[in-house]
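Please keep the sequence and the 3D view at hand while reading.

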Amino acid sequence: KGVYFVNKGKIKTFQSNELGKELITELYKEGDFFGYLSLLQGEKHTNTATALEDSEVYMIPKEDFYALLNNNHGVMKRFVRLLSNEIQEKEEQLLKMAYSSVKKRVAEALLKLQKNYQQNAKDTFSISISREDLANIVGTATESLIRTLSDFKEEKLVEIKGSNITIVDLERLKKLKA
């Protein structure tokens with residue numbers, strides 16, 4: 001029926017398997033569009049979207065979206081770029097899930113969250129996220145994620161208070177990702 005625009009807040013999209021296990025497919029923030037791939041393919045949405053915090057999301061009706069694409073080359077180019085970046089990211093995500101250790105994938109997930117949601121690059125990055133959501137981003141069991149976060153805490157890479165995770169050694173975390 002349309003494409004979605006995040007005006008305020010944070011959104012996750014995910015897919016569930018037959019047992020109800022979620023895999024978070026993407027995270028969106030203010031200024032991001034989502035749902036355009038299914039719309040352009042003329043198919044039903046395969047992902048479910050949920051707000052991670054109080055959010056404001058607008059639905060741009062299909063007819064208005066197509067009119068915008070057809071009448072504005074700048075917008076068309078932006079969506080072509082979004083599509084090509086999305087394909088590249090999904091291919092990389094599949095390779096990492098298949099061949100990277102849980103430790104490396106957790107480091108990558110934390111760095112992705114930092115890249116997507118850090119407001120001021122000079123500030124220490126901190127995010128409140130459920131262990132289940134973080135495990136679903138990583139593509140691992142919640143128990144494995146919790147063990148890895150405990151290791152990260154012991155190694156003084158992160159600080160953990162409740163659901164809040166703070167990256168305290170960004171450079172060492174980046175080295176784990178490499």
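Strands E2 and E5 pair in the antiparallel sense, and four bridges hold that pairing; within it, Phe14 stands opposite Thr48 in E5. The model is a predicted one, and every value below was computed from it.

**The pairing of E2 with E3**

- Strand E2 also pairs with E3, again in the antiparallel sense, over six bridges, and in this pairing Ile11 is the residue that stands opposite Tyr28 in E3.
- The two strands E2 and E3 form a hairpin with five residues between them, and in the turn Gly20 has a positive phi of about 90°.

**The open sheet E4-E1-E6**

- Three strands, in the order E4-E1-E6, form an open sheet in which the pairing is antiparallel.
- Strand E4 (33-34) and strand E6 (56-61) each have a single partner strand and stand at the edges, so one side of each is left without a neighbour in the sheet.
- Strand E1, which covers residues 2-8, runs antiparallel to E6 and is joined to E6 by six bridges; Tyr4 stands opposite Met59 in E6.
- Helix H2, made of residues 62-71, packs on this sheet and touches both E1 and E6, while its direction makes about 75° with that of E6.

**The open sheet E7-E9-E8**

- A further open sheet of three strands has the order E7-E9-E8, and its pairing is antiparallel.
- Its edges are strand E7 (126-128) and strand E8 (158-161), each with a single partner strand, so one side of each is left without a neighbour in the sheet.
- From one strand to the next, the twist of this sheet averages 15°.
- Strand E9, residues 164-167, is joined to E7 by three bridges, and the two run antiparallel; Ser128 stands opposite Asn164 in E9.

**The largest pocket**

- The largest pocket of the model has a volume of about 970 Å³, and of the 30 residues that line it, Glu26, Glu89, Lys112, Lys115 and Asn116 are the closest to its centre.
- Two or more residues of this lining come from each of strand E3 (22-28), helix H3 (73-99), helix H4 (102-117) and helix H5 (131-138), and H3 gives the most, with ten residues.
- By residue class, the lining of the largest pocket divides into 14 charged, eleven nonpolar and five polar residues.

**The second largest pocket**

- The second largest pocket holds about 400 Å³ of space; its lining has 22 residues, and those that lie nearest its centre are Leu37, Ser38, Thr46, Asn47 and Glu86.
- At least two lining residues of the second largest pocket are supplied by each of strand E2 (11-16), E3, helix H1 (36-41), strand E5 (48-51) and H3, with the largest share, four residues, coming from H1.
- The lining of the second largest pocket divides into ten polar, seven nonpolar and five charged residues.

**Glu108 in helix H4**

- Glu108 has its place in helix H4, and because its relative accessible area is 13%, which falls under the 20% limit, Glu108 counts as buried.
- When residues up to four places away in sequence are not counted, Glu108 touches Lys96 and Lys177.

**Ile60 in strand E6**

- Ile60 lies in strand E6, and because its relative accessible area is 22%, between the limits of 20% and 50%, Ile60 is classed as partly exposed.
- Leaving aside neighbours within four places in sequence, Ile60 is in contact with Lys1, Gly2, Val3, Phe5, Phe33 and Phe65.
- Ile60 and Glu22 are 38 residues apart in sequence, and the distance between them in space, C-alpha to C-alpha, is 27 Å.

Note on methods. Residues are numbered from 1 along each chain as its sequence is written. This is a predicted model: local features need pLDDT of at least 70, side-chain atom pairs count only at pLDDT 80 or more; totals for chains, interfaces and linings use all residues. Side-chain values use heavy atoms; hydrogens and water are left out. On a 1 Å grid over the protein atoms alone, a cavity is a set of points where a 1.4 Å probe fits but cannot get out, and a pocket is an open set with protein on both sides within 12 Å along at least five of seven lines; lining residues have an atom within 4 Å of a point. Grid points are joined across faces, edges and corners, and a volume is the space filled by probe spheres set on the points. Ala, Val, Leu, Ile, Met, Phe, Trp, Tyr, Cys and Pro count as nonpolar, Asp, Glu, Lys and Arg as charged, and the others, Gly among them, as polar. Buried means under 20% relative accessible area, exposed over 50%, partly exposed in between (1.4 Å probe, protein chains only). Contact means heavy atoms within 4.5 Å. Two strands pair if DSSP finds at least two bridges between them. Axes are lines fitted to C-alpha atoms, for helices over the stretch in contact, and angles run from 0 to 180 degrees between N-to-C directions.
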